[in-house]
Amino acid sequence: QVQLAESGGGLVQAGGSLRLSCAASGRTFSKYAMGWFRQAPGKGREFVAAILWGAGSTYYADSVKGRFTISRDTAKNTVYLQMNGLKPEDTAVYYCTSTTSGTYYHPNYWGQGTQVTVSS
C-alpha cells in the first residue's frame with residue numbers, strides 16, 4: 001500500500017501561483033510514477049501531469065503545458081506541482097496519484113485531494 005498526503009491548495013487570484021506538494025509513504029520503493037489529476041465542479045476527473053519516478057520524464061495535459069511544472073524529490077518521496085499563470089478554469093480539487101503497476105494515466109493510488117480556487 002502507498003499513502004499519499006497532499007498540501008498547498010488554497011485561494012489565489014487569476015494570474016497567480018501555487019505549489020502543491022504530495023508526500024508518499026508506505027511501499028514507496030515500488031513506485032513507477034507519480035502525478036496529479038483534478039476534478040472541477042460538475043465534471044469528471046482529468047489528468048494534469050505525471051512524472052516517471054526513476055527517469056524523471058514528465059507528461060502534461062495540453063491545458064496546463066507551459067504553465068504547470070511537475071517535479072520530484074526522491075529522497076523525500078515527494079512530488080510537487082508548481083502552478084503559474086493560474087486561470088479560473090483551473091479551479092478544482094487536485095488529487096495526487098501514484099502508479100505501482102500499469103500506466104501513469106491509470107494510477108492505482110489516490111490522495112484525498114486538495115482544493116484550488118482561482119478567482120477572476
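Does Arg-67, at 13% relative accessibility, count as buried or exposed? In this predicted model, Arg-67 counts as buried because its relative accessibility is 13%, where buried denotes under 20% relative accessible area, exposed over 50%, and partly exposed the range in between (1.4 Å probe, protein chains only). Because the model is predicted, local features need pLDDT of at least 70 and side-chain atom pairs count only at pLDDT 80 or more, while totals for chains, interfaces and linings use all residues. Residues are numbered from 1 along each chain as its sequence is written, and side-chain values use heavy atoms, with hydrogens and water left out.

The structure contains 4 salt bridges, a salt bridge being a side-chain nitrogen of Lys or Arg within 4 Å of a carboxyl oxygen of Asp or Glu. Asp-90 is paired in this way with Arg-38, their closest N and O atoms lying 2.9 Å apart. Asp-90 is located in the loop between strand S8 (78–83) and S9, whereas Arg-38 belongs to strand S4 (residues 33–39), so that this pair ties together parts 52 residues apart in sequence; strands (E, at least two residues) and helices (H or I, at least four) are DSSP runs, numbered from the N terminus. Asp-90 also forms a salt bridge with Arg-67, with a separation of 2.7 Å between the closest N and O atoms. Here Arg-67 lies in the loop between strand S6 (58–60) and strand S7 (68–73), and Asp-90 in the loop between S8 and S9, so the pair ties together parts that are 23 residues apart in sequence.

Asp-90 counts as buried because its relative accessibility is 1%, and Arg-38, at 5% relative accessibility, likewise counts as buried. Together with Glu-46, the residues Arg-38, Arg-67 and Asp-90 are linked in a network of salt bridges.

A further salt bridge joins the side chains of Asp-62 and Lys-65, at 3.3 Å from N to O. Asp-62 counts as exposed, given a relative accessibility of 65%, whereas Lys-65, at 48%, counts as partly exposed.

Thr-99 is placed in strand S9 (residues 92–99) and counts as buried, with a relative accessibility of 1%. When neighbours within four places in sequence are left aside, Thr-99 is in contact (heavy atoms within 4.5 Å) with Ser-30, Lys-31, Tyr-32, Ala-33, Tyr-104, Pro-107 and Asn-108.
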